[in-house]
Amino acid sequence: MAWRKVPEPNPDHRRPAVYELRRQCQNFATALLDHTRSSYELEAMLNYDPTGPAFEHGDRMHLSRLKLAIKYKQKKFCAHPNVQQLLASIWYEGLPGFRRKNILLQMAEIARIGLMFPVFCTAYIIAPKSYLGRTLRKPFIKFICHSASYVTFLFLLILASQRIETVVVEWFGTDEMRARLHSDVTTKRGAPPSVVELIILTWVMGMFLVRIVLHRFSLDISSFS
């Protein structure tokens, strides 16, 4: 009797059953969120990690279950109102009542935090456990400070390209300063770095050192939060 290769079952025949099982798992996980009676139960559910210690209220939230739901595209789980409310409370931590303000007050608050980013960064470097240092750990405040840092860097590039020190002397300098500026050939070629260029160099070196530290110790940006 000749051996014949048994044909494998068509994968298309199993797809409806797999999709149905996936739908049931998604509905079950989403239904669990409806039974959470407090924010602590919701935090414990979303931060559950079978390989790590049990989550305690006040610990840093890693949101392991939520990350797993995002990985497997569980949209109903991620879009659940309880999950969205928890994410909003985490994002706007440190800014109570921010979402209830009108757009003008929100812009004023963002501008205030953006202008204070050198103070926050200095306090975090010198005393990370201080009030200002702990404030910089808040996600939304940290996002504003990062954005303000990049905007400042772009602004410094614009100033350097326009040789702002020359413009300042032309506008506000004395006649002697203007005469010295016009007679100084180093303003045209081979000039030493200006104050603005030194600030840009310091900013770039700081970012370069941060990347070296992250790569050397295999860290992530979020580990500094």
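These exercises, each with a worked solution, concern a predicted model of one protein chain.

In this predicted model, local features need pLDDT of at least 70 and side-chain atom pairs count only at pLDDT 80 or more, while totals for chains, interfaces and linings use all residues. Residues are numbered from 1 along each chain as its sequence is written, and side-chain values use heavy atoms, with hydrogens and water left out.

**Exercise 1. Overall make-up**

Determine how many helices and strands the protein chain has, and what share of its residues is buried.

Step 1. Helices (H or I, at least four residues) and strands (E, at least two) are taken as DSSP runs, numbered from the N terminus. The protein chain has 12 helices and zero strands. Along the sequence the pattern reads α-α-α-α-α-α-α-α-α-α-α-α.

Step 2. Buried means under 20% relative accessible area, exposed over 50%, and partly exposed in between (1.4 Å probe, protein chains only). Of the 225 residues in the protein chain, 22% are buried.

Step 3. Accessible areas come from the Shrake-Rupley method with a 1.4 Å probe; for residues, only the protein chains shown count as cover. The protein chain exposes about 17,200 Å², and carbon and sulfur atoms supply 66% of it.

Step 4. A contact means heavy atoms within 4.5 Å. Among contacts between residues at least 6 apart in sequence, 48% join residues at least 24 apart.

**Exercise 2. Salt bridges around Glu109**

Work out which residues the salt bridges of Lys101, Glu109 and Arg112 join into one network, and how accessible each residue is.

Step 1. A salt bridge is a side-chain nitrogen of Lys or Arg within 4 Å of a carboxyl oxygen of Asp or Glu. The whole structure contains five salt bridges.

Step 2. Glu109 lies in helix H6 and is buried, at 14% relative accessibility. Leaving aside neighbours within four places in sequence, Glu109 is in contact with Leu95, Phe98 and Lys101.

Step 3. The side chains of Glu109 and Lys101 form a salt bridge (3.9 Å, N to O). Lys101 is partly exposed, at 32%.

Step 4. Arg112 and Glu109 also meet in a salt bridge (2.6 Å, N to O). Arg112 and Glu109 are three residues apart in helix H6, so about one helical turn separates them. Arg112 is partly exposed, at 40% relative accessibility.

Step 5. Salt bridges that share partners therefore join Lys101, Glu109 and Arg112 into one network.

**Exercise 3. Cysteines**

Count the disulfides, and explain the result for Cys121.

Step 1. A disulfide is a pair of cysteine sulfur atoms within 2.5 Å. By this rule the count is zero.

Step 2. The closest cysteine sulfur to that of Cys121 is in Cys145, 5.6 Å away, which is too far for a bond.

Step 3. Cys121 is partly exposed, at 29% relative accessibility. Cys25 is partly exposed too, with a relative accessible area of 47%.

**Exercise 4. Annotated segments**

Compare the "transmembrane region" segments listed by UniProt with the helix content of the model.

Step 1. The unreviewed UniProt entry lists residues 103–127, 139–160 and 195–214 under this name. UniProt positions are given in the numbering used here, feature names are shortened, and annotations may be inferred rather than shown by experiment.

Step 2. Residues 103–127 are 92% helix and 0% strand, with end C-alpha atoms 33 Å apart.

Step 3. Residues 139–160 are 100% helix and 0% strand, with end C-alpha atoms 32 Å apart.
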